[in-house]
Amino acid sequence: SYRDYERARLQLAIARRGMPNNTEVMTLQALMDRRQGNFEKAIQELKAAITLDPRNPVTELPNSLQMARQLSASGEAYDRAIDLAPDHPELKVLKAYYVTLANTGDNTALRSALAALPVSMAEDRDVVTWRLGCALYDRDWHQAIGLVEELKGGDDEGGFAYMEVPVPAGCYLILIARMQGQRTDDNFGFAETREQLNQRVQKSQGDAKAKLLTQLAVVDALLGKKQDATAEGKRAVDMLPISRDAVDGPGLLINLAVVYAWTGEPDLAFEKLSSLTKTPSGIYYGNLKLDPFWDPLRNDPCFDKLLAELAPRD
């Protein structure tokens with residue numbers, strides 16, 4: 001938890017001597033390796049854990065493969081987990097988003113997986129957040145606003161922009177307003193939402209602060225606060241760089257590219273995105289193709305070039 005991986009590995013070594021075939025030990029080792037950017041090593045460790053416990057529907061393997069941009073292998077690993085845990089329909093949702101949508105830029109499978117969820121899950125905050133994401137991809141602003149209302153003024157479940165951390169649902173209304181060409185700088189409700197998020201940033205510490213700050217940067221960019229948004233986005237990246245966290249670090253860089261896109265700095269946005277097309281846990285074809293956060297860049301020839309670079313080859 002304190003990222004003191006050297007001491008943590010010493011403890012795991014002790015545990016492994018007493019429990020050489022313990023899959024929990026192997027999985028924790030893999031998760032640390034993944035955070036430190038050793039994705040291939042993490043994948044091999046997770047495969048070894050599954051070999052020892054083949055009935056365990058470990059979802060960290062498909063997650064790791066997806067982060068390492070091995071989408072086909074990730075899909076196969078999700079299929080295995082789905083077969084082993086048929087009572088967890090959310091796994092089909094995760095596969096549809098992290099594999100199918102990421103690879104094809106088509107959210108049909110995601111919509112189908114969400115529609116197939118039990119009725120009892122319909123009002124779950126994470127399900128509403130997934131449906132909200134689909135509405136944004138489809139530019140269905142009426143449905144999106146209705147789904148924001150379903151969140152009842154609370155938080156989403158980490159679907160806003162490119163950092164999986166809950167934010168006030170009103171953040172989506174700011175994005176929708178900008179997408180519809182409306183002013184955002186004189187809206188009291190938007191200012192209140194921004195202040196709610198800012199208060200969380202001020203009260204948070206460490207990695208949590210960086211993750212919330214990067215979301216605040218995106219909100220400020222949508223509100224037209226260019227100087228604040230740029231400073232916040234850069235600071236968040238400095239606080240949690242990829243060298244310190246290979247899983248969450250790329251998301252902060254992607255958010256900084258979003259900030260540049262919405263503050264009239266397309267060259268800087270493409271500069272960030274160009275490296276993130278190859279980075280583990282970086283930007284994927286489906287995100288770039290569908291996400292309204294990239295709409296300010298779509299008429300630039302560089303966008304088509306970037307999209308072609310990420311497009312599936314088969």
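Which residues does Ala 269 touch, not counting residues up to four places away in sequence?

**Entry 1, ground rules.** I note that this is a predicted model, in which local features need pLDDT of at least 70 and side-chain atom pairs count only at pLDDT 80 or more, while totals for chains, interfaces and linings use all residues. Residues are numbered from 1 along each chain as its sequence is written, and side-chain values use heavy atoms, with hydrogens and water left out.

I looked up Ala 269 and found it in helix α15, residues 266–276, where helices are DSSP runs (H or I) of at least four residues, numbered from the N terminus. Leaving out residues up to four places away in sequence, Ala 269 touches Ala 257, Tyr 260, Ala 261 and Leu 297, a contact being heavy atoms within 4.5 Å. Ala 269 counts as buried because its relative accessibility is 0%; buried means under 20% relative accessible area, exposed over 50%, and partly exposed in between, with a 1.4 Å probe and protein chains only.

I read that the structure holds 22 salt bridges, each being a side-chain nitrogen of Lys or Arg within 4 Å of a carboxyl oxygen of Asp or Glu. In one of them, Arg 131 pairs with Glu 150, and the closest N and O atoms are 3.8 Å apart. Because Arg 131 lies in helix α8 and Glu 150 in helix α9, this pair ties together parts that are 19 residues apart in sequence.

I then turned to Asp 155 and Arg 200, whose side chains meet in a salt bridge at 2.8 Å, N to O. Asp 155 lies in the loop between α9 and α10 and Arg 200 in helix α11 (residues 188–203), so the pair ties together parts that are 45 residues apart in sequence. Asp 155 is partly exposed, with a relative accessible area of 22%, and Arg 200 is partly exposed at 28%.

I also noted a network of salt bridges that links Arg 3, Arg 35, Asp 207, Lys 211, Arg 244, Asp 245 and Asp 248.

What do I find for the phi of Arg 139? Arg 139 has a positive phi of about 60 degrees although it is not a glycine, and this residue lies in the loop between α8 (125–137) and α9. Lys 152, also not a glycine, has a positive phi of about 55 degrees and lies in the loop between α9 and α10. Lys 152 counts as exposed because its relative accessibility is 70%, whereas Arg 139 is partly exposed at 27%.

Note on methods: Helix = DSSP H or I, 4+ residues; strand = E, 2+ residues; numbered from the N terminus.
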